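Take a look at the structure below. This briefing covers how one chain is built, and then how it meets its partner.

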Amino acid sequence: MTRELLDRIVLGGFIVLAVLLYLSTASYPGIAQKTSALYVRFLAVSFGGLSAVQLLFSLRKPSGSGEPLDLFGRASRFFGLMVGLIIFAVLFESLGFFIPAAVFIPLIAVMLGYRNPAVIALSTGGVLLAVYLIFVQLLSVNLPGPNLF
Amino acid sequence: MEYLAVVFAPHSLLSIIIGTIAGVVIGAMPGLTATMAVGLLVPFTYTMDPVLGLMLLGGIYSGAMYGGSIPAILLNTPGTPAAVATAIEGYPMSRQGRGRLALKISVIASFVGGMFSVLILLMFAPFLAKQALHFGPAETFLLALMGLAGIVSIADEETSLLKALLAGVLGMIIAIVGTDSMSGSLRYTMGSIELIDGIDFMPALIGLFSMIQMLEIAGQRESMQIDASVLKQAQKSEPMPKGIWKYMALGSGTGTVVGILPGEGATIAAFLSYNFSKRLSKTKAMFGKGAPEGIAAAESGNNGCVGGSLVPTLTLGIPGNSVAAALMGAFIIHGMIPGPDLFAVHADKTYPFIYSLFIANIVFLITGISVAPYLARIALIPPAIMVPVISAFAILGSYSLKQSVFDVYLMIGFAFFGLFLKKLGYSLEALILGLILGPIAEHGFSQGMIIGKGSPWIFFASPIAKVMWVIIILLLLPPLIAHGKRMLRGAARVDR
C-alpha cells in the first residue's frame, strides 16, 4: 500500500470519527448539553474540517511515485518486539516483573541479532539487580510478585 | 534561604548528582532522548519525596540536553536530536585533532545557556504565575488554545501544518474519554472500568516517546555504523577562542525565548541559534568545517531551552516542549497542579526544584570537563541490548503509576499507533500537547459557558481574553501565511 493511499484512508477514517463524535453528543444528559457537548462538537467540527481540508489537498496533489510505505522496517524484528511486549504485559500480573524480564531481555537481544551470551547475561542480571535495588529497595515501588503458588 | 538549605541537604544533592549524571549518560546514547528518560522515570518518582523526585528529573533534563553533544562531537552521532547542529561543527573539529576544545566549548556553552535560562525562570515565573491568578475559566480555555496554537510551530517539512493541528485535536479527543465532569456520566468508555478515570497521559507519553523509539530501532533495516576512529586520535589542548562568549550569549537568549514558546523544542532552539551565529560570524566559510562559534551557539541554545520551557509549564500549566510535558506529569502525580499554586501553596517544593537546576548545571559542567571523552563510548552500546532493556523499563514505568496492567497495554497501543501516525507525517508532540491540554480546555470551556449563561461572548469579554486572542492570532498567522505561500508555489510548479 502506498503512503498516499494509506494517508487518504486514515483521513477518511478521521472524518467518519468526527461525524460519529458529533452525533454522539445528542445523548449527553442535562447540563452537559450546554457545556461538554458543545465542547465535543467544537472538537468534532475542527477535526472533521481539518481532515476534510487535508484530504482535499491530498486528492488535488498529483499522484506520487506510488512508493509503498515502509511502516515497520524489518517486520520480523518489529513484530517480534511487539509480541514480546504483549507477552511480557500478559505475564506481568501473574509472574511479576522479574521472571518475565529475565526471559524477555535475552530473547529480544538474540532476536535483534546480538550473539554474545556473556554480555547478554551481564546486561540482564545488571538490569534486574538495578531494578531491585533502586526501585524495590530504595524507592519502595510496589511491583507485583509471582502469584501462581 | 530555607529553600537553599533544602537544595544543599545531602540527600537533595545526591538526587541532583544521580539525576544529572544519568541524564548525561542517557543523552550520550543515540536514540535516547531527554523526553524518553524523563517520561520513563516520572512514574518511579511517585513513591519518592516530591522534592527529591523533581530534582532527580530536573537533573536528567539538564544532563541529557548536554550529554547529546559528546557523541555528536567525537563520533558524529548526535545523542539527542538537539545535538545535530553540534555534530555539524564538532565532528570536523575532532577530525582536525581539536576535539578537546570542541568538548570544552560544548560543556561551557551548555552551562552558560542552562544557568541563564534558569535565572530567567526564577525571575519571571513567579511574576507570570501572579498574573495567572486573574484568570477565570474563559481565560483558562484561551490559555489551552494558546498552547495548542503553539502546535503550528511544531510543523516542519516532515509534519505538515494541518497534520500537526489534526494530531493536536486528536489528542484532545482522546482526552475526553472517561467521566464527564459536568454531568458525571461516562463517555466513550465502552464499558471498561479502567477507562472511567480517562486515559492517563503517562502511558501515552512513555508509548509515544520511549517505546516508539525502541520499535523504530528494532525495525531498522540497516544498523547504524559509528566511526569511532576519532576516539583513538590524539586531541590537542587549546584555550577558548576569543569572542566565543558572544555566541554563547546569543544562544542562551535564543534558546530561552524559544523554550518559553509553547511547542518549541531544544532542536529548534539549537538550529536557530546555530543559524544566527552563522549570520553573525566573520568566518562564515568555516561553518560546516569546524567552527567553534557554531558549537557555542547551538549548545547554549539547547540548554537555554531547559529553563525557558519550564516558564509556561510551571506558571500556566502549558508545557513548553515534550520534556516539560513529561515533567509536568511529575508535578501532577505529586498533587502539584502547575499554575499560581506552585508558587504559593507549593512554594516549598517549587523553589528548591528551580534552585536545583542551577546545581545540575554545575554537576554536568564538572562531569563534562572531567570525563566527557570516556562518556562517548556509551554511544557504542549495541542497540540490540539497549532495546530490550529500555522496553522492560517502559513496561515497568507504565505499570508503576497506577499499578495497572491496562496502562501497559495502553502504552503499547500508543507506541504502535503513534508509529503509524508518525510515518504518515503526524506530529506526536502535538498529540501529547492535545492530550495534556484537552482536560484544561474542556474545564475552562464548560465553566465559561455556565458563567456566560450559554453565550460564547464570555471568551471575548475581559481585557486579558482580548490580549490572549491577539497572541493566539499572532502565533497562528505567520505559519499559516508561510504554509499558504508554500502551497501556492507548489500549485504554480504543477501548472507549469
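## Chain A in brief

Chain A is assigned two domains: domain 1 (3-60) and domain 2 (75-138). The centres of domain 1 and domain 2 of chain A, taken over C-alpha atoms, are 40 Å apart. The model is predicted.

**Fold and shape**

- Chain A has five helices and zero strands.
- From the N terminus on, its elements read α-α-α-α-α.
- The radius of gyration of chain A is 24 Å, well over the 15 Å that the globule rule gives for 149 residues, so chain A is more spread out than a compact globule.
- Along its principal axes, the C-alpha trace of chain A spans about 55 × 50 × 25 Å.

**Packing**

- Of the 149 residues in chain A, 26% are buried.
- Take the contacts in chain A between residues at least 6 apart in sequence: 64% of them join residues at least 24 apart.

**Meeting chain B**

- In chain A, 58 residues are in contact with 50 residues of chain B.
- Helices H1 (3-24), H2 (36-60), H3 (75-95), H4 and H5 of chain A each give two or more residues to the side that touches chain B.
- H2(A) supplies the largest share of that side, with 11 residues.
- The residues on that side of chain A divide into 41 nonpolar, 11 polar and six charged.

**Confidence**

- Chain A has a mean pLDDT of 88, and 93% of its residues reach 70 or more.
- In chain A, confidence is highest in helix H4 (residues 98-111), at a mean of 95, and lowest in helix H5 (residues 117-138), at 89.

Conventions. Residues numbered from 1 in each chain as written. Chains lettered and ligands numbered in written order. Predicted model: local features only at pLDDT ≥ 70, side-chain atom pairs only at ≥ 80, totals over all residues. pLDDT = per-residue confidence, 0-100. Helix = DSSP H or I, 4+ residues; strand = E, 2+ residues; numbered from the N terminus. Contact = placed C-beta atoms within 7 Å. Nonpolar A, V, L, I, M, F, W, Y, C, P; charged D, E, K, R; others polar. Domains from an automatic or database assignment. Rg over C-alpha atoms; globule rule 2.2 N^0.38 Å. Buried ≥ 20, exposed ≤ 12 C-beta atoms within 10 Å, placed from the backbone.
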